[in-house]
Amino acid sequence: MLDLEWSQAIELPRFALPATRPAELRQAWVHRAPEDAVLGLYRRASGTDETLPAPWWLRAVASGRLDSRELGFRIEDRVAQLLGKRMGWEFVPWAADGESGYWEFMPSERGKSGHSIPTTVLNTDRHDGWIDVLPAHSARAPEPVAVAGLAGLRSRLGEFEAVR
């Protein structure tokens, strides 16, 4: 029953409209319920499953490395503000279950370099910069590049956008 309860907690409503930024995806129970209730259910459910689908910010809050869900939302929104204003970046809302979507740099796909998968920016709980960049590629996915927060992403965008 716990698995079913968790599945319903991360499920978006059936009437959810296509999202163009992470804030528009925040319609599930994990986004709206009191944070302590979300954390409690997550801890109970993840105790039996280390691969439990969950938003990156919830895994970070549960580990004690991120102060709050609200801070996670702010990080996502700042990435959206930065990339949403730049040519070539598109938000992809259909991420893994429970996740917050990601950004793709479309000019890096099928350009001169011939890559079939574009440069991708996603939030992560893998490190305390909370942002990973997956370089454009065609075959096996390369290791993600850990970025030192929004300032690190801003300073390296030229490098990431140079692959076309």
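1. The buried residues of α1 pack against α2 (29-32), α3 and α4. Those residues are Trp-6, Ala-9 and Ile-10, where buried means under 20% relative accessible area, against over 50% for exposed and in between for partly exposed (1.4 Å probe, protein chains only). They lie on the same side of α1 because they cover an arc of only 85 degrees around the axis, the arc being that of the directions from the helix axis to the C-beta atoms. Helices (H or I, at least four residues) and strands (E, at least two) are DSSP runs, numbered from the N terminus.

2. This is a predicted model, in which local features need pLDDT of at least 70 and side-chain atom pairs count only at pLDDT 80 or more, while totals for chains, interfaces and linings use all residues. Residues are numbered from 1 along each chain as its sequence is written, and side-chain values use heavy atoms, with hydrogens and water left out.

3. Beyond its neighbours within four places in sequence, Val-30 is in contact (heavy atoms within 4.5 Å) with Trp-6, Ala-9, Ile-10, Val-38, Pro-55, Trp-57 and Arg-69.

4. Strand β4 (residues 131-134) pairs with two strands, where pairing requires that DSSP finds at least two bridges. β3 (residues 119-123) runs antiparallel to β4 and is joined to it by 4 bridges; Leu-122 has Asp-132 as its bridge partner. β5 (residues 145-147) is also antiparallel to β4, over 3 bridges, and Val-145 stands opposite Val-133. Ile-131 and Val-133 point one way from β4, Asp-132 and Leu-134 the other way, and all are buried.

5. The structure holds 1 cavity of 30 Å³ or more. On a 1 Å grid over the protein atoms alone, a cavity is a set of points where a 1.4 Å probe fits but cannot get out, and lining residues have an atom within 4 Å of a point. A volume is the space filled by probe spheres set on the points, which are joined across faces, edges and corners. The largest cavity has about 40 Å³ of space, and β3 gives the most to its lining, with 3 residues.

Conventions
On a 1 Å grid over the protein atoms alone, a cavity is a set of points where a 1.4 Å probe fits but cannot get out, and a pocket is an open set with protein on both sides within 12 Å along at least five of seven lines; lining residues have an atom within 4 Å of a point.
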